[in-house]
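Subject: Structure handover

Hello,

The structure we spoke about is below, with notes on what turned up in it. Please read the notes alongside the coordinates.

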Amino acid sequence: MPLVPLPLPDPGSPDLSSPLAFLRWLQRTQRRGQMLATLWSLLELGCMAALPVAVGRGVQAVVDGDTRGLLTAGGLALLLSAGQAVMTVLLHRQVVWNWIQAASQVRQLMARQASSLGAGLSRRIATGEIVAVSSGDVEKIGWYVELTARLYGAVLAWLGVSIAVLCWQPGLGLAVLLGVPVLAAAVWPLLGPFERRYSEQRALGGKASALAADTVAGLRVLRGIGGEELFLRRYRAASQKVRGAAVRTARTWAVMQAQEVLLPGLFIIGVTWYGARLALDGSIGVGELISVYGATVFLAAPLRVLGEAAHAWSVARVSAGRAVRVLALTRDGAADAAAADTTADGASTTAEALPAEAAAELVRRAGRSDLHDPVSGLTVRAGRLTAVVCGDPDVAGELAARLGGQPALGEGERPAPAARLGGVALDAVPLAAARAAVLVHDKEPVLLSGTLADLLDVPRSGRVDPAAALAAARAQDALDALVDGWPESGGDPMAARITERGRSLSGGQRQRLALARSLVADPPVLVLDEPTSAVDAHTESRIATGLRELRAGRTTVVFATSPLLLDQADTVLLLQHGRVAAGGTHRELMATDPRYRAVVTRDESEPASPVPSTVGGTE
């Protein structure tokens, strides 16, 4: 069978109604691979089961002095051995591919989900949980999917051997037919404790991974404040909990493994003893006794597969449950928030899906449409540079996510009414169309490894070239640093390589390259969340001027508290308690609104009492 190239063009639409339904869906997506693996497994085990028969006939031929029978039995044994070797190769090739395809398919689903939910995913699922699902859990799921084909082959082979022995020797056949399921069922009482302990181990492992990810992300800050030892002690404690849970899981698994060896061994001894009695009584010959012994020993192979399947089922069900929890999340939180469909003021929290033609039209006229957030009352006028001042960075981040059509819901939170572009709810627009219309630049953007040309190779309108975007972001010193750090570039910054997450650059340099990436995309609506928080005042002033010039006539929203940026905005809106409280130009608000002055100047002595104002940016 020609193997399917990876990654898959489309990982499909999984059944997320339950972990078992998800596992069954994965099996259905590779029906041909499963059928071939089952066939190769059946033929391999069939050759293995028939080989003792050929050996027994050969021994009996020696006893009877039948030379022709001996040659026939030898040829049959040689043929069965060759067939078993070929089937083993084919089976191994197919089951490994089934495993890899299932794991790759789940990883693609996880990557698609992360891309769909964007930055809001980490607020709803811990980063360590996502890492654990994308690494260890997908391997367990792939293991179960490939094992089911071998399980089917083992069951069919057991039934075939049982029927053959039953027809030849009813007593032995009945023992084989009933003994195997009894031995397989003996392991089931241990599955419950094993699954509970394994679930605890995976949960603790996810927490430890989250702690490690947070520590690595904030390593520079920890070193600055001398907090490395504190976090090291925390991680050691979390790691010891994981180790303890793993040891408890291993104990149960060790008992299961011992049981899988001991009980089949006792079964083989019993059946062989019974066959030896029959041979002594003259009911069967020596060759037949050898065949009985060989067929009984063969049953250890299906029993091993059954035991492995029980283990795989236990771990895969836990892993599939964690994967389903992530994959079931939606942009509007419908899958993970038990909320009503309407808010207190009657506004709908969900919207009817927009047809593809209407979505395309929305993208075409996005630059001429106002952007409105009903939760905060914020309205961004088309073609203008609007600055939003908010003293709480978390509230600002949530508003930025809503403006991009991706509400940053926390776990258990109810979905809020979606932001509207030209009167159309963005959560009703296909994700690709929403991102084409509104681009959100996060406050902590990530630089992927690769050349600078790769970084700036994003879908764009063509109106802004990379040179103009880099100039507006005032990124010349970042370009110089890239060239100096990568001599192979030959002095061309576009050919210079960016290390993982841009770690070779300073925070301000990374921020400006990320800003240039957003500017070169030139979306109809651009939302910038604290785009200059890591640069000095002089550079920030130049960036503010470049941003205004480059985005002239385009809708731009900037979340900031820097006077240098705010002074360049056409309109500045002040948010308090999640609602627009005041609006005007920067200088007007500085002169008339003490609340605004308190946030911008960080002066806690300013009075916090509300001051009547005309909010020019609300409806």
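A cavity here is a set of grid points where a 1.4 Å probe fits but cannot get out, and its lining residues are those with an atom within 4 Å of a point. The model is a predicted one.

Cavities. Among the lining residues are Leu-183, Gln-259, Glu-260, Leu-263 and Leu-306. By class, the lining has eight nonpolar, two polar and one charged residues.

Cores. The largest nonpolar core has 54 residues, of which Phe-22, Leu-23, Leu-26, Val-106, Ile-141 and Phe-298 touch the most other members. Helix α11 (residues 300-327) gives the most to this core, 15 residues. Another core, of 44 residues, lies apart from it and includes Ala-469, Leu-513, Ala-569 and Leu-574. Beyond four places in sequence, the contacts of Phe-22 include Pro-14, Val-106, Ile-141, Ala-320 and Leu-327.

Salt bridges. The count is 17. Arg-248 pairs with Glu-200, with the closest N and O atoms 3.1 Å apart. Arg-248 is in helix α9 and Glu-200 in helix α7 (residues 191-217), so this bridge ties together parts that are 48 residues apart in sequence. Both ends are partly exposed, Arg-248 at 32% relative accessible area and Glu-200 at 35%.

Arg-554 and Asp-522 also form a salt bridge, at 3.3 Å from N to O. The two residues sit in loops, Arg-554 between α19 (537-550) and β10 (555-559) and Asp-522 between α18 (507-521) and β9 (525-529). Asp-522 counts as buried because its relative accessibility is 3%, under the 20% limit, whereas Arg-554 is partly exposed at 21%. Both belong to a network of salt bridges that links Arg-463, Asp-522, Arg-551 and Arg-554.

Asp-567 is in the loop between α20 (563-566) and β11 (571-576), and Arg-587 is in helix α21 (residues 586-592). Asp-567 is partly exposed at 34%, while Arg-587 is exposed at 60%.

One cysteine. Cys-47 lies in helix α2 (residues 31-64) and is buried, at 15% relative accessible area. Leaving aside neighbours within four places in sequence, Cys-47 is in contact with Leu-80, Gly-83 and Gln-84. The C-alpha atoms of Cys-47 and Met-87 are 8.8 Å apart.

Regards

Note on methods:
Residues numbered from 1 in each chain as written. Predicted model: local features only at pLDDT ≥ 70, side-chain atom pairs only at ≥ 80, totals over all residues. Heavy atoms only, no water. Helix = DSSP H or I, 4+ residues; strand = E, 2+ residues; numbered from the N terminus. Buried < 20%, exposed > 50% of the residue type's maximum accessible area, 1.4 Å probe, protein only. Contact = heavy atoms within 4.5 Å. Core = buried A, V, L, I, M, F, W, Y, C linked by side-chain atoms within 4.5 Å. 1 Å grid on protein atoms, 1.4 Å probe; cavity = no way out; pocket = protein on both sides within 12 Å on 5 of 7 lines; lining within 4 Å. Nonpolar A, V, L, I, M, F, W, Y, C, P; charged D, E, K, R; others polar. Salt bridge = Lys/Arg side-chain N within 4 Å of Asp/Glu carboxyl O.
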